[in-house]
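Visitor: I have not seen this model before. Could you take me closely through a single part, and then say what else in the chain deserves a look?

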Amino acid sequence: MEGKVHGGILPHIRSHKGYVPGVQPSDKDWIKLNTNENPYLCSPSVKNAINGEIDDLRLYSSPDCKSLREAICRRHNVSADQVIVGNGSDDVLNVLARSFCDWNHSIATILPSYSLYPVLASLQNSKLEILEFSRDFTLPVEKITQSKAGIFFLTSPNAPSGIGYDNNTLRQILTAYSGILVVDEAYADFADENAIELIEEFSNLFITRTFSKSYALAGLRVGYGIGDPELVNTLHGVRDVYNVDRLAQAAAEAAIEDFDHFAESLCKIRDSRAEFSSRLHSRNWFTYPSQTNFVFTEPVDSAGKKGPEVASSLYEFLKTQKILVRYFPNHSLTESFLRVTIGTDSEMETLNRAIDQWTANE
Ligand SMILES: Cc1ncc(COP(=O)(O)O)c(C=O)c1O
């Protein structure tokens, strides 16, 4: 019986392992610092925009997100033929993987980084060329440029370290690399620099962005990509036709048009990031300088010990206090660290107190 139902499933899909997201608890009494959501509310204009669409829900959404795309173009000073919108930036990354790789055409990336890229490669039955970061998370420019993969996924600023990469380094890569460099800028709004200015210079640069973090709209599922018009045109033919629903298009447009709200929330998050980072430094915990809305820190216990057991102990203790952070035990560069999303001041204060308590009990 099982054979009949499952017999036709492709062998590589049978052995495929799906993406494992961070915990999304259903009760609201958790302090949620595990999936880099924005702790502040989205623009108040989002509500009106969604309400304004309800009566038109019987109609399909704009297949090319016309009005939202125009707003994105105004924000970045690019043209509509350079932009594709997706159901989250994950959707755009997925369309890229579907377009560039199969069993004969590999994907490349550098780890540790966003763990969706290996999942996308696996779905395509594609080989994944993996480069490894060293502990300082600098980019091995030469190794990247020597990659024979047709597409290279690079998260900048990097997750989980929070380290950002400057445009001069990206320029060196883009000049020498023969494939498409996807710079996943999910966190770029929190950074001092981003790669948008390089778009006109390099046709092999493709940037992905999201409304999930800086616009506080993770539940809406809207992201976009910016790149060479010819490539973008090809990607439009690969994506689902109505990949972004009516409510999402209207809400994302309202959010991107409300620049003051966006800027205010960025400012608050950057200030809290500086404050929390300095608290970690005064604890003498090694913490990477963050260009994102999270910090990656190496906990030290009261005996001065650090390492996987210590990180895991704090992670588990925080859970008992209903505080969720992210622990990645599966890589030598992450197993001794915790990734903590920047929350509201009061959430960060509760976290600081919980860390004090853990240190005292250790
Ligand atoms: C590096 C990176 N890229 C992309 C995404 C996904 O963003 P979206 O919510 O737009 O699919 C995330 C989400 O955490 C991320 O960390």
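Guide: What follows describes a pair of helices near the end of the chain, then some separate residues. The model is predicted: local features need pLDDT of at least 70, side-chain atom pairs count only at pLDDT 80 or more, and totals for chains, interfaces and linings use all residues. Residues are numbered from 1 along each chain as its sequence is written.

Begin with helix 12, which runs over residues 308-320. (Helices, H or I with at least four residues, and strands, E with at least two, are DSSP runs numbered from the N terminus.) Helix 12 has 13 residues and spans 19 Å between its first and last C-alpha, close to the 18 Å expected at 1.5 Å a residue; the expected span is 1.5 Å times one less than the number of residues.

Which residues of helix 12 are buried? They are V310, A311, L314 and L318. An α-helix has 3.6 residues a turn, so residues three or four places apart point the same way. On the face of helix 12 turned away from its buried side are the exposed residues E309, E316 and T320.

The buried side of helix 12 has several partners. Its buried residues pack against strand 10 (323-324), strand 11 (338-341) and helix 13 (345-361). Contact here means that the C-beta atoms of two residues, placed from the backbone, lie within 7 Å.

Just after helix 12 comes K322, with a positive phi of about 60°, although K322 is not a glycine. K322 belongs to the loop between helix 12 and strand 10. With 14 other C-beta atoms within 10 Å, K322 is partly exposed.

Helix 13 can be read in the same way. Helix 13 has 17 residues, and its first and last C-alpha atoms are 24 Å apart, close to the 24 Å expected at 1.5 Å a residue. M348, L351, I355 and W358 are the buried residues named for helix 13. They cover an arc of only 75° around the axis, so they are on the same side of helix 13. The face of helix 13 turned away from that buried side carries S346, R353, D356, A360 and N361, which are exposed.

What do the buried residues of helix 13 pack against? Their partners are strand 1 (31-32), helix 11 (259-282), helix 12 and strand 10.

Next come some backbone details elsewhere in the chain. A216 also has a positive phi, near 60°, in a residue other than glycine. A216 is in the loop between strand 7 (205-210) and strand 8 (223-226). A216 is buried, with 22 other C-beta atoms within 10 Å.

There are cis peptide bonds to look at as well. One runs from L111 to P112, with omega near 5°; P112 is in the loop between strand 3 (107-111) and helix 6 (116-123). Another joins A159 and P160, with omega of about 15°, and P160 lies in the loop between strand 5 (151-155) and helix 8 (167-176).

Two further buried residues complete the account. S106 is in the loop between helix 5 and strand 3 and is buried, with 20 other C-beta atoms within 10 Å. Leaving out residues up to four places away in sequence, S106 touches C101, S126, K127, L128, E129 and A149. Of these, A149 is 43 residues from S106 along the chain, yet their C-alpha atoms are separated by 5.1 Å.

L174, in helix 8, is buried, with 20 other C-beta atoms within 10 Å. Apart from neighbours within four places in sequence, L174 is in contact with L181, L198, F202, N204 and L205. L174 and I144 are 30 residues apart in sequence, and their C-alpha atoms are 9.7 Å apart in space.

Definitions and conventions. Buried ≥ 20, exposed ≤ 12 C-beta atoms within 10 Å, placed from the backbone. Arc of directions from axis to C-beta.
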